[in-house]
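Reader: I have a model open and would like to go through it with you. Can we start with how far to trust it, then move on to the fold?

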Amino acid sequence: MSAGAAPAATLDHPGEFVDDALGGIPRQRDVLRSVPASGKQGGGGLEDPLRLGRRTRLRLRAAVRALLADPSIAGQSDVAKLAAVVLFAKSRAPKGQKDDNVTSIWAAELGRWMGVGESTVHRRVLAPLRASDGLHTEEVRNAQGHPTGLRCLVMPLWRARTRDGAGHPLALDKAELATLLRLCEALFGHGWSPEGKEPTPPGLLAGRRGKGAATDRLGLLLMVLDAPASGWLPLCSGSVRRTEKKHGRGAVTLARLLGCSPAGARKVLDRLTENGVVARERRGTSTRMRGRGRVMLLPVARAYGRVLEVVQDPDNVFSARPGSAGGDLAPAGAAGALGTPGIRGAEETGNAEIQERPDSAELHAHHASGVTPVVPRQLDCGFSGKGRGAEGRRPERACAGEDQAADGESAVAGTGSPVAEDGPLRGAKPQESPVDERVEQRPVGAVAGGRPKAVGWDKAQQQRRVGLPASRRLQVALGPVAWLWEQLSAWQQDQVEAAAKAELARLEGLLALPGGAPRLLANRLTDRLQETGGEALVDKPYGWLIGRGLVQRPSCSDRRCDDGIRLDTGTGCENCQNVIHVRRARRAWIGAEVDRELPGLSDGERRSVLEERLREEAAIEAEDFVWRREQAREQQARRDADRAAAQERVEAERAAAAVAGAVRQALVCEDCGQQQAGGLCEACGYRRRTEAVIVEAGLVAATWSADLTDPADVTAVTADVRAHLNSCIEAVTQQFLGLMQPGELEAEPVAAASALAFTALQAVEQALPEYRSSALGRLGRTEEAEAEAQRAYKTEQGRRWFQHNPNGAHAVAAATREAEAARTRTAEYLLAVRLERLREQAAARTAEVSAAPWTDRLPELAERPLDDDATGAVIA
C-alpha cells in the first residue's frame, strides 16, 4: 500500500521494526499525524458540540473541577462523581424561583447515562451521595401513588449559588449548562428519539457498559475539557516518580485528573484507545529510540477538522495548502516519492502541544535542508568565474576587482553593470548614485532591456526636495531624520509631510501649553532611531517613518502615554505604573493560589503551572476585553439609533407645531374679529389680562373691607375698585393720547389699539400691589393676627437664653421681631384663604348664571332697574 493510500490508523506503541525487503535494515515505523481537513470533511462544523471556544472550555473545566473537588463529592467513586456531573449539567439555571437548581430524572435513565444498572445507581450513587450531603432527592408520585420520577438537588451547586453568587465556578448560566449537557450527550449520551422532534444520536461511549464504564466516561470528559483545539492532551509537566515512568506521562496526566493510580489510568487509556476515541503515539528520535509519548483526543481533532493520516516518512512534512497550488505546492496525490503530506505535530517542533489557532490558519512549510543545483557542477581549471555567463566578471563583493583591468577600460569591465562597479564593499567613497547618473543620461521613454521605463517615476525622482520643508515646525520635528528625508521620493516626501502635520496637530491637542509639539515629535524620532541602532540600519526610510517613527505607541489606555512617558509632562505614566502593579499583584495572587492548591511542587513545576495559569488568565482577559468592546460598540450603535430617532421625532414635532401655528395664525380674533390674529389679537389679549387684574384687585380689597358671607357687599366693593381703576385707566389713556402726534393713531389703528390696551394693563398692574399691601396691613390687625403675634412674643421671650432677663432690651427686640413675623405670616395666610373663598363663590355664581335658561333669567332681568347709561341707550 502506498503512502498516499494508507488508511487512517491509530498506533498505540509505534517503534522500530525490521524490513526483510531492505536486507534487515531497521526503518522507522509509520507515525500518526494530524492534518487540517479541507472544508468540512472530517469535522463537525461550527455546530459540533465538541467545538468549544477557549473561554467556554476553560469555564466548563473550572466548573467540573470545582464540582469534583467539593468535599461531599471528592471521596466518592467514579460512578458517583459522573452522576454528580450529569445531574449538574441537567440542572436548571437560576431564575429566582423555588425550583431553581433542581433536576428531574429517573434512576434507570441516570444509569444509562453512566453505563450501569438501576441497582448500581441506588447502591453506589444515590445512597453515598445522600450520606455525604452531596445530593438531596425527592421521589415524585402520581395521583395513584406510583413513583414517576426523582427530583435531585446537587448540594455543591446550591451552596455555590446561595452563598457565593455568580462569582463561583459552579454558577453557570443557562447557555453554559446547555453547552455542558450537549458535550456529555456527544461523549456518552445514550441517544433519544422523541416524537415530533429531531432525534439525538448516541454518544461515542454509549455502547460502553459494565465495569469501568463510568470511569471511562469521566476520564474522557475531563480530557476533552483539558484538550485545546489541536486535540493533543496537555501532559503534566515536571518530573514524575520512578514508579510512574513505566506507565507513561499520558497515564500520569489522566491519573491526576481522575485522582487514581497511574496503572488504573493506563487501563482507562487502553480501553478508550480500543473504542477509537483516543490515539497514542511516541515522538520519533534521531537515535531510533522510543521518544516521548503523547495522547490525542480524536473527537476534538475531528470537530476542528483535523484528519488523521499515516505518514510514511516523518522527516518530510508539509503544511496544508490550497488544492489549486501548483509546482512544489502540488496536491497530495502529486507528492510522489515525497510521501503523503501532513502537518508535523507539536512534538516534532519541540513544543509540548500545538497551540490553539483558527481553522483557517495554516502551519508554515518546512523548507528542505539543501538545494539541488540546476547546473551540474563542472571542473574547469579552478576558475571561479566559470559558468556565470558571458560577462566574465565576479558578483559584487570585497574582491570583485579580480576580473577588472588595471585601467578600468577593458571590455570585460565595460560590460558589467554600472551599479556594481563602485560600492561600499570596494572601499570607494560614496559619490553620486550610478542609478541617478544612468537616469540622467537616458532620454525620456528610453528602454532598459527592451522594456519601456515609466516617465512619471523619473520626473518624481528629479523633483524631490533635498532639504526639509520650509515650515519651521516641520524642520524642528523632522530634524533628527533629515538624512532619511533625502532618500525619499517626491511622493513619499509629501506623504511624510502630511503625516507629520497631522501628528503635530494631534499632539497640540494633548498639551496644556501650545508650541511644544515639534520638540515632542523630534524627541520621539530620536528615541526611535536609538532603538533601531541609527539611521544607517534603516533600510526602508518611508516605511520606517510612516509605520514606526511618527506613530505614537501608548503602553496603556491613556491618550497622553507614549512608550510609558507622559507627553504633557515628560514624566513616567502613572497609568502604566498602575497596570504593572495590577499585573504583579495578579501574579502574586495566582502564585499563592498555586502554593495553596499544590504545596509539593518543585521550582520548575511551580513555574510551569504558574505560567500556564497566567496564560489562561491573559486569554480570558483578552476575550473579556473583546466582549466589552463589542458591547460598547453595540451600545454606541443603540445610542446613535436612539439619537437619530429622537432627532426625527423632534423634527416631526417641530413640523407639526409649525403647521399648527400656521393654522392657528389663520384664525380670526374671538373678541374683535380681526383677520390673521391667531384666535386672539394683541389688543384683545391685553384687554383680557386687564380685566383679570381688575377682578383680582376687587377680590383683594373685598378680603378686608366686605362681609364675605354677603354677596351684595362683595359686589359693591368690587364695583368701587373697578370704578377707581377705570378712572386710572382713563387718566393714563388721556396722557398717552396727549403725547401722540396728530394723525398718528389713524395711520396705524391696529398698533394704536394695542398700545392703548397695553397702557391700561400697566396702570392696573401697578395698582394691584398697592391693594395687596393694604389688605395685608388691614388683615395684620385682625384678632387672629394679634393672637398669633402675642403667642410668638411670649414664646420667644421664654427662650432659655432669655430666662435670666425676659424683659431686657435683647429679649424684647427678639420677641418683637418674632411677633411681627408671625403677624405677617398670619396676614398672608388669611389673605390666601379669603381669596380662595371669594374665587369659589364667584365661580359658583358664574356657573349658576350660565346654567340657567333664558326663560328663567328674563323675568329677573326685567325687574332689575336700569342705570342712567342704560336708560340713555334705550331712549336713544
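Reader: What does the pLDDT average over the protein?
Author: This is a predicted model, and its mean pLDDT is 75. A score of at least 70 is reached by 71% of the residues.

Reader: Where is confidence lowest, and where is it highest?
Author: The lowest is strand S1, residues 16-19, with a mean of 35. The highest is helix H20, residues 541-549, at 92.

Reader: Which stretches have a pLDDT below 50?
Author: Residues 1-43 are one such stretch. In the model this stretch still has 110 contacts beyond near neighbours in sequence. Residues 869-876 are also below 50, and there the model has two contacts of that kind. Where pLDDT is low, the predicted coordinates should not be read in detail.

Reader: OK. How many helices and strands?
Author: The protein has 30 helices and 13 strands.

Reader: And how much of the protein is buried?
Author: Of its 876 residues, 34% are buried. On contacts, taking those between residues at least 6 apart in sequence, 57% link residues at least 24 apart.

Reader: Which residues have the most contacts inside the largest nonpolar core?
Author: Phe88, Leu110, Met114, Val125, Phe188 and Leu297, in a core of 71 residues. Helix H3, residues 78-89, supplies its largest share, ten residues. There is another core apart from this one, with 34 residues, including Cys684 and Ile729.

Reader: Back to leucine 110. What does leucine 110 touch?
Author: Leaving out residues up to four places away in sequence, leucine 110 touches Ala83, Val86, Leu87, Ile105, Val121 and Val125.

Reader: Now the sheet. What is the order of the three strands?
Author: The order is S4-S6-S5, in an open sheet with antiparallel pairing. S4 (102-105) and S5 (135-141) are the edge strands, each pairing on one side only. On average, neighbouring strands are turned by 25° against each other, direction ignored.

Reader: How many bridges join S5 to S6?
Author: Seven, with S6 spanning residues 147-154. S4 and S6 are paired over four bridges, also in the antiparallel sense.

Reader: Which residues in S6 are the partners of glutamate 138, glutamate 139 and serine 104?
Author: Glutamate 139 is opposite leucine 150. Arginine 151 is the bridge partner of glutamate 138, and arginine 151 is likewise the bridge partner of serine 104.

Reader: What about the turn between S5 and S6?
Author: The two strands form a hairpin with five residues between them. Glycine 145 sits in that turn and has a positive phi of about 90°.

Reader: Which helix lies across the sheet strands?
Author: H3 lies across S4, S5 and S6, and runs at about 95° to S6.

Reader: Which residues of H6 are buried?
Author: In H6, residues 155-164, they are Met155, Pro156, Leu157, Arg159, Ala160 and Arg161. These buried residues pack against H1 (54-68), H2 (71-74), H3, S5, S6 and H7 (174-188). After H6 comes glycine 165, with a positive phi near 80°.

Reader: Are cysteine 184 and cysteine 236 buried or exposed?
Author: Cysteine 184 is buried, at a relative accessible area of 1%. Cysteine 236 is at 10%, so cysteine 236 is buried as well, given that the cut-off is under 20%.

Reader: Different region. Where is leucine 272?
Author: Leucine 272 is in helix H11, residues 262-274. With 0% relative accessibility, leucine 272 counts as buried.

Reader: And which residues is leucine 272 in contact with?
Author: Setting aside neighbours within four places in sequence, the contacts of leucine 272 are Leu205, Asp216, Leu220, Met223, Val277 and Val278. Glycine 219 is 53 residues away along the chain from leucine 272, and their C-alpha atoms are 9.1 Å apart.

Reader: Last one: which helix holds alanine 767?
Author: Helix H26, residues 749-779. Alanine 767 counts as buried because its relative accessibility is 11%.

Technical notes
Residues numbered from 1 in each chain as written. Predicted model: local features only at pLDDT ≥ 70, side-chain atom pairs only at ≥ 80, totals over all residues. Heavy atoms only, no water. pLDDT = per-residue confidence, 0-100. Contact = heavy atoms within 4.5 Å. Core = buried A, V, L, I, M, F, W, Y, C linked by side-chain atoms within 4.5 Å. Buried < 20%, exposed > 50% of the residue type's maximum accessible area, 1.4 Å probe, protein only. Pairing = 2+ DSSP bridges. Axes fitted to C-alpha atoms, helices over the stretch in contact; angles between N-to-C directions.
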